[in-house]
Amino acid sequence: MAHKFVIRKTSGGEYRAYFEYNSEKIFWTEGYSSKSGAQNAIDSIKKNGPGAETADES
């Protein structure tokens, strides 16, 4: 599968959730103190993302 979420621990000890396409980082979350915090962010994106509107602020 070309699209995937990945949780990584940063050098500062925080956990970040990354969304990747063909190994390229498309976006990532803020840092979380626990892996479960990063997983909660992924779950929220999956649940709320499909219905989110797009705002053009240019």
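Seven bridges join strand 1 (residues 3-9) to strand 2 (residues 15-21), and the two strands run antiparallel. Two strands are taken to pair if DSSP finds at least two bridges between them. The model is a predicted one, in which local features need pLDDT of at least 70 and side-chain atom pairs count only at pLDDT 80 or more, while totals for chains, interfaces and linings use all residues. Residues are numbered from 1 along each chain as its sequence is written, and side-chain values use heavy atoms, with hydrogens and water left out.

Together, the three strands form an open sheet in the order 1-2-3, with antiparallel pairing. Strand 1 and strand 3 are the edge strands, since each pairs on one side only. Neighbouring strands of this sheet are turned by 35 degrees against each other on average, direction ignored. Strands of a sheet pair through backbone hydrogen bonds, either parallel or antiparallel.

The chain contains one helix and three strands; helices (H or I, at least four residues) and strands (E, at least two) are DSSP runs, numbered from the N terminus. Read along the sequence, these elements follow the pattern β-β-β-α. Helix 1 (residues 35-48) lies across strand 1, strand 2 and strand 3, and runs at about 160 degrees to strand 1. For such angles, axes are lines fitted to C-alpha atoms, for helices over the stretch in contact, and values run from 0 to 180 degrees between N-to-C directions. The C-alpha trace of the chain spans about 35 × 25 × 25 Å along its principal axes.

Strand 2 and strand 3 form a hairpin with two residues between them. Asparagine 22 lies in the loop between these strands and has a positive phi of about 50 degrees although it is not a glycine. Serine 23 is found in the loop between strand 2 and strand 3, and its phi, near 65 degrees, is likewise a positive value in a residue other than glycine. Asparagine 22 is exposed, with a relative accessible area of 51%, and serine 23 counts as exposed at 65%. In this classification, buried means under 20% relative accessible area, exposed over 50%, and partly exposed in between (1.4 Å probe, protein chains only).

Two salt bridges are counted, a salt bridge being a side-chain nitrogen of Lys or Arg within 4 Å of a carboxyl oxygen of Asp or Glu. In one of them, the side chains of glutamate 20 and arginine 8 meet at 2.8 Å, N to O. This pair links distant parts of the chain, with glutamate 20 in strand 2 and arginine 8 in strand 1, twelve residues apart. Glutamate 20 is buried, with a relative accessible area of 4%, whereas arginine 8 is partly exposed at 32%. Arginine 16 forms a salt bridge with glutamate 14, the closest N and O atoms being 3.8 Å apart. Arginine 16 counts as partly exposed at 23% relative accessibility, and glutamate 14 counts as partly exposed at 34%.

At 33% relative accessibility, phenylalanine 27 counts as partly exposed. Tyr21, Ile26, Phe27 and Ile45 make a nonpolar surface patch of about 320 Å². Patches are made of residues with over 30% relative accessible area and no salt bridge, where like charges are joined within 9 Å and nonpolar side chains (Val, Leu, Ile, Met, Phe, Trp, Tyr) within 5 Å.

Threonine 29 lies in the loop between strand 3 and helix 1 and counts as buried at 11% relative accessibility. Residues up to four places away in sequence not being counted, threonine 29 touches Arg16, Ala17, Ala41 and Ile45; contact means heavy atoms within 4.5 Å. Of the 58 residues of the chain, 19% count as buried. The accessible surface of the chain comes to about 4,600 Å², of which 46% belongs to carbon and sulfur atoms. Accessible areas come from the Shrake-Rupley method with a 1.4 Å probe, and for residues only the protein chains shown count as cover.
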